[in-house]
Amino acid sequence: YCENILEKAFNMTSRYQTPASCLMIDIDKFKGVNDQFGHQAGDVCLKEIANILRNCVRNVDTVGRWGGEEFFVLLPQTKKENAMPPASRILKTISDNKFSSYPDRITVSIGIACIPEPSIDSVAKLINAADHAMYEAKVAGGNRVELA
């Protein structure tokens with residue numbers, strides 16, 4: 001489902017030469033939630049984060065779970081410079097949230113990739129660019145946003 005949504009958005013962006021931004025979001029040190037409190041607590045955290053993501057973006061944006069503890073947000077009609085405010089809002093809201101099944105602070109790492117971009121000519125390259133930026137955010141200590 002997520003791949004179909006991204007493919008459709010990518011094709012529309014290419015056809016009409018409009019911008020779009022993709023955020024890849026990974027929960028920092030999520031293994032600790034499952035290890036300390038069990039997978040049920042981890043599942044509750046995932047649901048709460050999904051709700052936070054939906055509440056931090058516009059109705060026209062798409063939120064999806066990419067896998068494991070990774071999510072994506074597709075921001076249509078959004079240039080690179082306009083993708084940072086929602087990403088920062090997500091970062092802060094998750095960091096400030098008191099999760100019901102986990103007493104410690106939870107943070108995320110976010111990578112942003114945007115189209116049109118000459119080096120990104122497929123959905124796979126868009127996801128890869130956002131994923132690479134997210135990885136850079138993790139390497140830099142997490143709880144941050146990096147642009148591709």
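Author: First, a term. Helices (H or I, at least four residues) and strands (E, at least two) are DSSP runs, numbered from the N terminus. Strand β3, for instance, covers residues 70-76 and contains Pro76.

Reader: Where do the numbers come from?

Author: Residues are numbered from 1 along each chain as its sequence is written, and this is a predicted model, where local features need pLDDT of at least 70, side-chain atom pairs count only at pLDDT 80 or more, and totals for chains, interfaces and linings use all residues. Side-chain values use heavy atoms, with hydrogens and water left out.

Reader: OK. What order do the strands of the sheet have?

Author: The order is β2-β3-β1-β4-β5, in an open sheet of five strands with mixed pairing. Two strands pair if DSSP finds at least two bridges between them. The edge strands, β2 (62-67) and β5 (144-147), each pair on one side only.

Reader: How many bridges link β1 and β4?

Author: Eight, and β1 (residues 20-27) and β4 (residues 108-115) pair in the antiparallel sense. Ala20 stands opposite Ile115 in β4.

Reader: What holds paired strands together, in general?

Author: Strands of a sheet pair through backbone hydrogen bonds, either parallel or antiparallel.

Reader: Which strands does helix α3 lie across?

Author: Helix α3 (residues 39-56) lies across β1, β2 and β3. α3 runs at about 10° to β3. Axes are lines fitted to C-alpha atoms, for helices over the stretch in contact, and angles run from 0 to 180 degrees between N-to-C directions. Helix α4 (residues 80-96) packs on the sheet too, touching β1, β3, β4 and β5.

Reader: New topic. At what angle do α1 and α5 cross?

Author: Roughly 105°, with the axes of α1 (residues 2-16) and α5 (residues 123-139) coming within 9 Å. That makes α1 roughly perpendicular to α5. The cut-offs: under 35 degrees is roughly parallel, over 145 roughly antiparallel, 65 to 115 roughly perpendicular, and the rest oblique.

Reader: Which residues meet there?

Author: Leu6, Glu7 and Phe10 in α1 meet Val123, Leu126 and Ile127 in α5. Contact means heavy atoms within 4.5 Å.

Reader: What about the core? How many residues are in the largest one?

Author: The largest nonpolar core has 29 residues. Such a core is a set of buried Ala, Val, Leu, Ile, Met, Phe, Trp, Tyr and Cys residues joined through side-chain atoms within 4.5 Å. Among those with the most contacts inside this core are Leu23, Ile25 and Ile110. Helix α3 gives the most to this core, with seven residues. A second, separate core of 18 residues includes Cys2, Ala20, Ile115 and Ala129.

Reader: What is phi at Gln17?

Author: Near 55°, a positive value in a residue other than glycine. Gln17 is in the loop between α1 and β1 and counts as exposed, at 58% relative accessibility.

Conventions. Buried means under 20% relative accessible area, exposed over 50%, partly exposed in between (1.4 Å probe, protein chains only).
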